[in-house]
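Welcome! Take a moment to look over the chain below before reading on.

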2 protein chains.
Amino acid sequence: MMLTNELNEKKIHILKVAEKLFAEKGFEGTSIRSISKEAKINIAMISYYFGSKESLLESLILYKISDLKQELENLSKENLQPVDKVNKLIELYINRINCNRGVFRIMHFEMTSKKSSDRKKVFTEIKMNNLEIIERIIREGQEKGVFRKDIVIPLLTPTILGTYFNFFINKEFYEELLDLKTEKKFNAYINNNLTKHIQQTIKALLVYEN
Amino acid sequence: MMLTNELNEKKIHILKVAEKLFAEKGFEGTSIRSISKEAKINIAMISYYFGSKESLLESLILYKISDLKQELENLSKENLQPVDKVNKLIELYINRINCNRGVFRIMHFEMTSKKSSDRKKVFTEIKMNNLEIIERIIREGQEKGVFRKDIVIPLLTPTILGTYFNFFINKEFYEELLDLKTEKKFNAYINNNLTKHIQQTIKALLVYEN
DNA sequence: TACAAAATTAAACACTTGTTTAATTTAAAC
DNA sequence: GTTTAAATTAAACAAGTGTTTAATTTTGTA
C-alpha cells in the first residue's frame with residue numbers, strides 16, 4: 001500500500017502543495033480536501049501515501065529541514081572571527097527559515113496544542129542540537145576574549161528567531177509601514193535590513209560592556 | 001436578546017473561561033462546546049450573549065487590552081533617563097503580555113489566516129499607536145545624546161516581543177533546559193531573567209558604538 | 001397574581017473535517 | 001494474454017464544528 005518513508009515524485013508534489021497551503025492558512029486551517037484539490041489528486045491518495053494528515057506534516061518537516069543540521073555543523077567548523085561567525089550563523093538561519101516559512105511557521109506556532117509526544121521529542125532534539133552548535137560558537141568567541149562572559153546563551157535563539165517571526169507575523173503591518181508591498185521587496189528587506197538589524201543586535205549584546 | 005457590548009458577570013465569566021482555553025488550545029482548537037462545558041453554561045448562551053465565536057474573541061481582546069494604551073501613554077510622559085524609560089517600557093510590555101498570554105497569543109499567531117478586515121484595522125491602529133509611543137521615547141533619548149542616531153525604530157518591537165513570544169512558544173523546551181517546571185518558576189524567570197535579557201539587548205543596541 | 005420580557009435549555013440544522021471502504025483502472029511480471 | 005499487485009477513484013463514514021430553533025423556565029414589573 002505504498003506507506004513507506006521514501007519520497008517519489010508524486011509525494012513530493014503533494015508535499016509542496018501542502019507546504020504552500022500550510023503557509024497561507026496554517027495546519028489546522030488547511031483541509032486535506034483543499035490539498036488534494038490544489039494538487040489535483042484524489043483525497044484518498046493522501047492517506048494512501050502518508051497515512052494521515054499528521055504524518056504528512058511530519059514528512060514535510062523532515063523533507064525540509066533534513067540538511068539544516070549539516071549546514072550549521074559546517075559553519076561551526078569554519079575558520080572565522082567570532083563576530084563574523086555569529087553574523088554568518090544569523091544570516092544562514094534567517095535565510096533558511098524565510099525560504100521555508102510554511103514549515104517553520106507550523107513548527108513554531110502550531111506545536112503548542114498538539115502533543116504527539118514522539119514528534120515533540122524529535123523537535124526537542126533538533127533544538128538541543130542547534131543550541132549546542134550556537135553554544136560552541138559563542139564559547140569560542142568568549143575564549144578569544146571577544147565576547148562577554150555573562151551571556152545567557154539559550155536566550156540568543158529567542159532573540160534571533162523571535163525577531164524574525166514577529167516581523168513576519170506582522171507582515172501586513174510592515175508592508176504598509178515600510179512600503180514592502182511586493183513579495184520581492186519584502187524578501188529583500190528581510191535578507192538585508194532585518195538580517196542586519198538582528199546581527200547588530202546580537203553583536204551589541206555579545207560585545208557591549210556596561 | 002442581550003446582544004450588547006456591555007459586560008455583565010456571566011459574560012465576564014465566559015470570557016475568562018474562553019481565555020483560558022484559547023491559551024491552551026488556540027482559537028481554532030477551542031470549540032464553543034468546550035467553552036460552554038467548562039463555563040457550565042448552555043452552548044446556545046454563547047451565541048446569545050456574543051453573537052458568534054468571532055465576536056466572542058473580539059470582546060475578549062477589547063476587554064483585555066483596553067487600558068494598555070493609557071499605561072504606555074503615561075510612561076512616555078514620565079520624567080526618566082532614556083535608558084530607564086526604555087527599561088520600564090520593556091518591563092511593562094512583557095509583564096502585561098505575560099499576564100494576558102491567551103489573548104496575545106491569538107492576536108499574534110492566529111490573525112494571519114483570518115482576515116476580517118475591520119478587525120485588522122483595529123489591530124493596525126493599536127500597533128501604530130504603540131509604535132508612535134516607542135518612537136517618541138527613542139527620539140527623546142537620541143536628542144539627549146544617549147542613543148545612537150541610526151536606530152531602525154520599527155524593528156525594536158519585533159525584537160522585544162519576538163524574544164518573549166519565541167521563549168513562550170518553546171515553553172516546554174526551556175522548562176526542561178532551565179529547570180522551570182512549575183508555573184511559578186517559569187513566570188519568575190520571565191519577569192526576572194528574560195526581561196533583563198531583553199533590556200540588556202535593547203540597551204546594547206541603542207547605545208553601542210562600533 | 002398576572003403578564004411580558006429575558007434567560008436558559010435540549011434538540012436539530014447544515015456543514016466541514018480526516019479517514020476508510022470497496023470497486024475500478026492501470027501497470028508490471030510471468 | 002492472463003494473473004497479480006499497485007494506483008486511483010467515488011462514495012460513505014463517523015465525528016465534530018458553529019449556529020439556530022422553538023419550547024420552557026426564570027425574572028422583574030404592573
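This is a predicted model: local features need pLDDT of at least 70, side-chain atom pairs count only at pLDDT 80 or more; totals for chains, interfaces and linings use all residues.

Residues are numbered from 1 along each chain as its sequence is written, while chains are lettered from A and ligands numbered from 1 in the order in which they are written.

**Overall picture**
- Chain A has eleven helices and zero strands, where helices (H or I, at least four residues) and strands (E, at least two) are DSSP runs numbered from the N terminus.
- Along the principal axes, the C-alpha atoms of chain A fill a box of roughly 60 × 40 × 30 Å.

**Packing**
- Of the 210 residues in chain A, 32% are buried, meaning that 20 or more other C-beta atoms, placed from the backbone, lie within 10 Å of the residue's own.
- Among contacts in chain A with a separation of 6 or more, 66% join residues 24 or more positions apart; a contact needs C-beta atoms, placed from the backbone, within 7 Å.

**Two domains**
- Chain A is divided into domain 1 (9-63) and domain 2 (67-207), with bounds from an automatic or database domain assignment.
- The C-alpha centres of these two domains of chain A lie 27 Å apart.

**Where the domains touch**
- Twelve residues of domain 1 of chain A are in contact with nine residues of domain 2 of chain A.
- On the domain 1 side, the elements giving two or more residues are α1 (9-25) and α4 (53-65) of chain A.
- The largest share of that side, five residues, comes from α4(A).

Technical notes:
Two residues are in contact if their C-beta atoms, placed from the backbone, lie within 7 Å. A residue is buried if 20 or more other C-beta atoms lie within 10 Å of its own, exposed if 12 or fewer, and partly exposed in between; C-beta atoms are placed from the backbone.
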